[in-house]
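Subject: Structure handover

Hello,

Here is the structure we talked about. Please open it and keep it beside this note as you read.

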Amino acid sequence: MSNVENGMSKAYKNAVTALLFQLADDELLYAFRASEWLGLAPHIEEDVASSSIAQDSMGHAVMYYKLLEDLGVGSEDDLAHLRPANERKNSILTERVNGEGYYMETPQYDWAYHVVRSYFYTQAKKAKVDSLCQSSYEPLVEAAMKIRMELYYHRLHWETWFKQLLSSTDVAKEKMQQAIELVMEDFGDMFSFGKDKQAIEENNLLCQEEALKASWKASIAPVFAKLQIEVPEIPETPHLNGRNGEHTKDLESALATLSEVYRIDPAAGW
Amino acid sequence: MTGVLAMTEEDQMDRFMERIEAGEKIEADDWMPEEYRITLIKLISMHGISEIMGALPEKEWVPKAPSLRRKLGIMAKVQDEMGHGQLLLRVAEDLLKPYGKNRGDIMQDLFNEDLKFHNVFHMETKTWADAGLIGWLVDGAAIITQTDMLKASYGPYARALQRICAEEVFHAQHGEAIIMALAEGTEEQKALIQEALNRWWEALLMFFGPASKSTTGSTKQDATIKYKIRTKTNEDFRQMFFDRYIPRILSLGLTVPDPTLHYDEAEKVWKYAQPDWTEFKKIIRNEGPRSQERLNLRRHSYEHNAWVRDALAAVVN
Ligand SMILES: [Fe+2]
Ligand SMILES: [Fe+2]
């Protein structure tokens with residue numbers, strides 16, 4: 001189990017690095033999109049609550065980038081801010097805009113989309129984090145244990161919103177159904193390891209893709225049953241696979257914003 | 001018959017002022033004169049709504065914060081400000097009860113532009129240094145005025161301020177850390193802080209309000225002092241701000257953009273060039289550089305999310 005630095009084979013290290021990029025980039029982009037909602041949530045209490053979830057996710061991104069830094073891949077801030085879109089490994093869902101419009105102007109963000117994305121993403125994260133607690137890479141196990149504690153509250157939060165909005169007005173139900181469709185279109189790479197599938201699975205860093213999917217479905221099934229709606233199907237093949245560096249334009253604009261100041265002078269202290 | 005029921009308005013007022021003079025805390029359900037209630041409503045709803053509007057200029061820099069740690073820091077700060085708004089609006093809502101009004105009405109007053117928000121939050125943020133300067137000097141200024149009200153005669157406000165002030169101290173440290181990093185950085189980074197200070201200086205002086213009525217035609221300081229909501233005048237606060245921050249500004253190698261600024265040893269006061277109070281009046285009339293944009297953002301997101309509030313109200317369980 002002591003695979004850190006010393007005695008780690010090159011292949012093993014490559015597999016760990018590949019997985020860490022997927023995990024770190026997911027959290028960074030999810031937290032970035034969530035942070036665009038700051039000050040604009042449907043009510044003030046929600047603004048405070050969802051901001052805390054966004055911060056936790058950013059904190060998780062920091063943990064994963066730090067593990068990459070520890071492996072000698074690069075500094076956490078360079079890794080988070082400077083890598084171009086085609087080197088990013090986040091899932092397509094996490095990079096999607098919150099709705100029409102730039103956050104600096106008067107954006108038309110879609111709360112139903114935020115709720116569905118957050119709920120489905122958080123449940124997917126739970127499936128992965130549970131499995132990471134048995135990873136062969138000890139530092140990942142430690143990180144996953146910490147993350148798992150915070151996840152309980154996140155899941156509860158988004159599950160409550162999900163249930164409430166789907167058992168309310170017709171307008172809310174319709175918006176939620178549309179959001180579910182939109183989110184599921186991008187769900188094809190959520191549990192994919194891309195071209196690193198074999199390396200990640202064979203080194204027992206995380207359980208197999210199919211097992212993660214099953215775990216996700218099982219975790220949301222009771223909620224869907226209660227709401228009397230069908231658990232949506234995960235697309236067999238993603239239209240774009242973020243794990244292989246394939247992305248939408250939304251990622252480029254996100255990266256331009258999140259690195260705008262850092263890029264003025266990456267060598268300087270900020 | 002004697003007793004409470006027979007007390008005339010005048011008796012009640014005398015009794016109330018005795019309590020104020022004795023330093024007793026007034027609570028939400030206690031009798032209070034109309035003037036006191038209205039003064040508090042104006043003060044606290046303006047404070048609360050300013051926290052909420054104040055989240056917007058800083059929020060502009062959250063996604064752009066130049067490191068992971070700074071992203072975490074500024075997210076936490078903006079969240080605190082929204083939390084302050086929430087806390088204060090609850091205090092204001094209790095005071096509004098006799099008028100049958102609630103938070104929705106406070107928001108409508110903001111949108112109708114009957115309720116104003118603090119002058120500093122009408123300003124533009126142009127660079128990352130602004131995000132640092134807001135924490136360092138705007139929160140620093142707020143600490144000065146809010147600390148004075150920690151002993152305010154109105155108990156619920158005083159207690160809310162206890163918590164708020166504790167967090168404001170972290171905000172000022174967060175801002176100062178950003179400024180220190182820039183001050184120790186490259187020439188370009190140092191220039192960012194000087195340029196930000198130049199742009200913010202007048203707004204900072206205005207933050208404390210005019211020294212007297214003769215400057216702008218009105219000031220709220222008289223009633224708040226009479227009822228022991230606060231103890232010091234606007235000018236006292238401004239002088240305290242100079243005492244605390246001029247040395248720190250200078251020690252960072254920055255220049256105050258007011259060549260006349262100096263400490264008058266004989267009078268024991270800072271002499272400074274008055275900011276443009278006509279501009280101040282314009283700003284608080286929502287005619288400042290970003291007033292309408294920020295109001296629109298708030299109005300628009302409120303309307304755009306109305307379906308969510310309707311949906312929540314309709315959920316029965
Ligand atoms: Fe505050
Ligand atoms: Fe603050």
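Predicted model: local features only at pLDDT ≥ 70, side-chain atom pairs only at ≥ 80, totals over all residues.

Start with the iron ion (ligand 1). Its donors are B:Glu51 (OE), B:Glu81 (OE), B:His84 (ND1) and B:Glu168 (OE). They sit at 2.1 to 2.2 Å. Along the chain these donors follow the spacing E-x29-E-x2-H-x83-E. The angles among the four donor atoms run from 83 to 153°, and the site is irregular. B:Glu51 is buried, at 6% relative accessible area. B:His84 is buried too, at 1%.

Now the iron ion (ligand 2). B:Glu81 (OE), B:Asp139 (OD), B:Glu168 (OE) and B:His171 (ND1) are its protein donors. They lie 1.9 to 2.2 Å from the ion. Their sequence spacing is E-x57-D-x28-E-x2-H. This site is irregular, with angles of 83 to 169° among its four donor atoms. Here, too, distant parts of the chain are linked: B:Asp139 comes from helix H5 (residues 128-148) of chain B and B:Glu168 from helix H6 (residues 155-183) of chain B, 29 residues apart. B:Asp139 counts as buried, at 5% relative accessibility. B:Glu168 is buried at 2%.

How far apart are the iron ion (ligand 1) and the iron ion (ligand 2)? They are 3.3 Å apart, and B:Glu81 coordinates both.

**The nonpolar core**

Next, look at the core. In soluble globular proteins, nonpolar side chains tend to be buried together. The largest nonpolar core here has 182 residues. A:Phe120, A:Phe162 and A:Phe187 have the most contacts inside it. Helix H1 (residues 10-35) of chain A gives the most to this core, with 14 residues. Take A:Phe187 as a way in. Leaving aside residues up to four places away in sequence, A:Phe187 touches A:Leu93, A:Phe120, A:Ala124, A:Trp216, A:Ile234 and A:Pro235.

**Salt bridges**

The count over all chains comes to 43 salt bridges.

In chain A, the side chains of A:Arg96 and A:Asp186 meet at 2.6 Å, N to O. A:Arg96 is in the loop between helix H4 (92-95) and strand E1 (99-100) of chain A, while A:Asp186 is in the loop between helix H7 (170-185) and helix H8 (197-202) of chain A. They are 90 residues apart. A:Asp186 is buried, at 5% relative accessible area.

In chain B, B:Asp94 pairs with B:Lys97, and their closest N and O atoms are 3.1 Å apart. B:Asp94 is partly exposed at 35%. B:Lys97 is exposed at 57%.

B:Arg299 and B:Glu113 also form a salt bridge, with closest N and O atoms 3.0 Å apart. B:Arg299 lies in helix H12 (residues 291-304) of chain B and B:Glu113 in the loop between helix H4 (103-111) and H5 of chain B, so the pair ties together parts that are 186 residues apart in sequence. B:Arg299 is buried, at 16%. B:Glu113 counts as partly exposed, at 22%.

There is also a network: salt bridges that share partners join A:Glu45, B:Arg90, B:Glu93 and B:Arg103.

Best wishes

Key:
Residues numbered from 1 in each chain as written. Chains lettered and ligands numbered in written order. Heavy atoms only, no water. Donors = N, O, S within 2.8 Å, 3.2 Å for Na, K, Ca; no water. Tetrahedral: all angles 85-135°; square planar, octahedral: opposite > 155°, others 65-115°. Helix = DSSP H or I, 4+ residues; strand = E, 2+ residues; numbered from the N terminus. Buried < 20%, exposed > 50% of the residue type's maximum accessible area, 1.4 Å probe, protein only. Core = buried A, V, L, I, M, F, W, Y, C linked by side-chain atoms within 4.5 Å. Contact = heavy atoms within 4.5 Å. Salt bridge = Lys/Arg side-chain N within 4 Å of Asp/Glu carboxyl O.
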